[in-house]
Amino acid sequence: MKATLVLSLLALSFCFTPSYAEPPPRARLAIIIDDLGNSLSSGLDAIALPGNITFAVMPHRKYSTKLARRAGRLGKEVILHAPMSTVIKRKLGPGALHENLNEKQFKDRLKFAIYNTPYIRGVNNHMGSLLTTKTQAMTWVMEVLKDKGLFFVDSRTSAQSQGYSIALQHGISSAQRDIFLDHELDIDHIHIQFKKALSIAQAYGSAIAIGHPHESTLFYLKEVLPQLKDSQVTLHSVSELLKLGMTNRPNSTRSASPTPQPSLDKLIQRLIQASL
């Protein structure tokens, strides 16, 4: 009788054991800082930013190798920021890829830029509003990247870009940029763009934002990135994002509304007031 009573009480205790809901999965954000190589001081300031940021280094610039090596030795992710031709024929600088090169010239130029970028893990396009729309050119890019075992990030400088889709066709780990942080250089604009990136990450599980080593961008990120530790968003390198898996984010997310971030909003207002 006693044994039966004990078993009954145990069964009741299991029935009333409180259940604890799993915390929601944290969204993942990757930030790429483009255009490293021209300035040593701004490049070093960018590399000193807190968190797991990816640095896109332009080929054959004065400080490209030094900055790539510095970032890599500090455990930061390095990718090649490959210059590609534009619709309005902007000056591209050394190592540029354009539609007037034959296949050998094109591939040799890209391979040479890759070879000269220490710690390289992947490639994204610098400009490229024309070249990324060209099927043959982007096929050559992906053939080289597949051979070198590198991933590709389509910076989406053209809505007609074929880079991402051709990368997938070649079995290359690839992603697309969601947000540019600093088309305008004032802190308010960068803050709005950053909140849009957070909104996309929270809606789709992940997002990729691109910024540049401008003084205002670096100042903003230096102050804001440490605040992510208390949020539902974690900072990752691009390669980590790709390894963990990314869901498709519709192109419409690029005009996403910024999610309210009260603590960040207050921080930015204090910073703006302090700078006046």
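**Exercise 1.** Which residues have the most contacts inside the largest nonpolar core, and how many residues does this core have?

*Solution.* The model is a predicted one. Step one is the count: the largest nonpolar core has 40 residues. Step two is to pick out those with the most contacts inside it, which are Leu29, Ile31, Phe194 and Leu221. Step three is to ask which element gives the most to this core: helix H7 does, with 7 residues. A further core of 24 residues lies apart from it, with Leu101, Val141, Ile166 and Ala167 among its members.

**Exercise 2.** List the contacts of Ile31, leaving aside neighbours within four places in sequence.

*Solution.* Ile31 is in contact with Ile53, Thr54, Phe194, Ala209, Leu221, Leu225, Leu235 and His236. Two of these partners, Phe194 and Leu221, are also named with Ile31 among the residues with the most contacts inside the largest core.

**Exercise 3.** Describe helix H7 by its span, its cover and what follows it.

*Solution.* H7 takes in residues 187-204, 18 residues in total. From first C-alpha to last it reaches 26 Å, close to the 26 Å expected at 1.5 Å a residue. Of its 18 residues, 13 are buried, so the helix is mostly covered. Next comes Gly205, with a positive phi near 95 degrees.

**Exercise 4.** Is His126 buried or exposed?

*Solution.* His126 belongs to strand S4, residues 120-127. Its relative accessible area is 12%. Buried means under 20%, so His126 is buried. Not counting residues up to four places away in sequence, His126 touches Asp35, Met58, His81, Ala82, Pro83 and Met84.

Technical notes
Residues numbered from 1 in each chain as written. Predicted model: local features only at pLDDT ≥ 70, side-chain atom pairs only at ≥ 80, totals over all residues. Heavy atoms only, no water. Helix = DSSP H or I, 4+ residues; strand = E, 2+ residues; numbered from the N terminus. Expected span 1.5 Å × (residues − 1). Buried < 20%, exposed > 50% of the residue type's maximum accessible area, 1.4 Å probe, protein only. Core = buried A, V, L, I, M, F, W, Y, C linked by side-chain atoms within 4.5 Å. Contact = heavy atoms within 4.5 Å.
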